[in-house]
Amino acid sequence: MKENIISINKYLYFDKESGVFALTDEASEIIYRKKEIICSYSGADEWCNHFVCELIDLYSGSSKYNYALGTTVHETAIPEIWKENKDGVCEWVERSMNKEWGKRAFDMLITVIDDLVICK
């Protein structure tokens, strides 16, 4: 499985076969089993992809709420681009991990899940 993922951090990876962001086993265990935040593993991964795409929109500055040319809704753009250029999307994810906005967006998921561990 390792060759089919881009490992982003301790809670997040990008699945190179399906083109979505997903939770690591550790994060799934926290979200689903330990904290019962989301009641299915597949639902937890769907939430993760949605949330990470929202974080990318926010931290990259390309949010649709800027009402400007060149803004992107990553949750819909990534699957559309994925259909035509899987390698390009994977390369973009890898490059994003090295950009300041990418580091902060992906690290925010760690903050959220770590906060869940200590509350509820």
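**View 1. Glu36, an exposed loop residue.** At 60% relative accessibility, Glu36 counts as exposed. Exposed means over 50% relative accessible area, buried means under 20%, and partly exposed lies in between, with a 1.4 Å probe and protein chains only. Glu36 sits in the loop between α1 and α2. Its phi is positive, about 50°, although Glu36 is not a glycine. This is a predicted model, where local features need pLDDT of at least 70 and side-chain atom pairs count only at pLDDT 80 or more, while totals for chains, interfaces and linings use all residues. Residues are numbered from 1 along each chain as its sequence is written, and side-chain values use heavy atoms, with hydrogens and water left out.

**View 2. Ser28, a buried residue of α1.** Ser28 belongs to helix α1 (residues 25-34). Helices (H or I, at least four residues) and strands (E, at least two) are DSSP runs, numbered from the N terminus. Is Ser28 buried or exposed? Its relative accessibility is 7%, so Ser28 counts as buried. Leaving aside residues up to four places away in sequence, Ser28 touches Leu23, Arg33, Tyr41 and Asp45. Contact means heavy atoms within 4.5 Å.

**View 3. The sheet of three strands.** The sheet is open, and its order is β1-β2-β3 with antiparallel pairing. β1 and β3 stand at the edges with a single partner strand each, so one side of each has no neighbour in the sheet. From one strand to the next, the twist averages 30°. Strands of a sheet pair through backbone hydrogen bonds, either parallel or antiparallel. Here, two strands pair if DSSP finds at least two bridges between them. β1 and β2 have four bridges. Ile6 stands opposite Phe14 in β2. β2 and β3 also pair over four bridges, in the antiparallel sense. Leu12 stands opposite Leu23 in β3. The hairpin of β2 and β3 has four residues between the strands, and there Gly19 takes a positive phi near 75°.

View 4. Helix α2 (residues 41-60) lies across β2 and β3, and runs at about 120° to β3. Axes are lines fitted to C-alpha atoms, for helices over the stretch in contact, and angles run from 0 to 180 degrees between N-to-C directions. Two packed helices are described by the angle between their axes and the distance between the axes. For α2 and α3, the axes come within 8 Å and cross at roughly 105°. α2 and α3 are therefore roughly perpendicular to each other. Angles of 65 to 115 degrees count as roughly perpendicular, under 35 as roughly parallel, over 145 as roughly antiparallel, and the rest as oblique. His50, Cys53, Glu54, Ile56, Asp57 and Ser60 in α2 meet His74, Glu75 and Ile78 in α3. The residues of this contact divide into three nonpolar, three polar and three charged. Ala, Val, Leu, Ile, Met, Phe, Trp, Tyr, Cys and Pro count as nonpolar, Asp, Glu, Lys and Arg as charged, and the others, Gly among them, as polar.

**View 5. The two sides of α3.** Which residues of α3 are buried? They are His74, Ala77, Ile78 and Trp82. Seen down the axis of α3, these buried residues fall within an arc of 135°, so they line one face of the helix. The arc is that of the directions from the helix axis to the C-beta atoms. They pack against β2, β3, α2 and α4. Turned away from this buried side, another face of α3 carries the exposed residues Lys83 and Glu84. Ile78, at 6% relative accessibility, counts as buried. Beyond residues up to four places away in sequence, Ile78 touches Gly19, Phe21, Cys53, Val89 and Trp92.

**View 6. Where α3 meets α4.** The axes of helix α3 (residues 74-84) and helix α4 (residues 86-96) come within 6 Å and cross at roughly 135°. α3 and α4 are therefore oblique to each other. His74, Ile78, Ile81, Trp82 and Glu84 in α3 meet Lys86, Val89, Cys90 and Trp92 in α4. The residues here divide into six nonpolar, one polar and two charged.

**View 7. The buried side of α4.** Val89, Cys90, Val93 and Ser96 are buried in α4. Their arc around the axis is only 125°, which puts them on the same side of α4. The buried residues of α4 pack against β1 (5-9), β2 (12-15), β3 (20-23), α3 and α5 (100-118).
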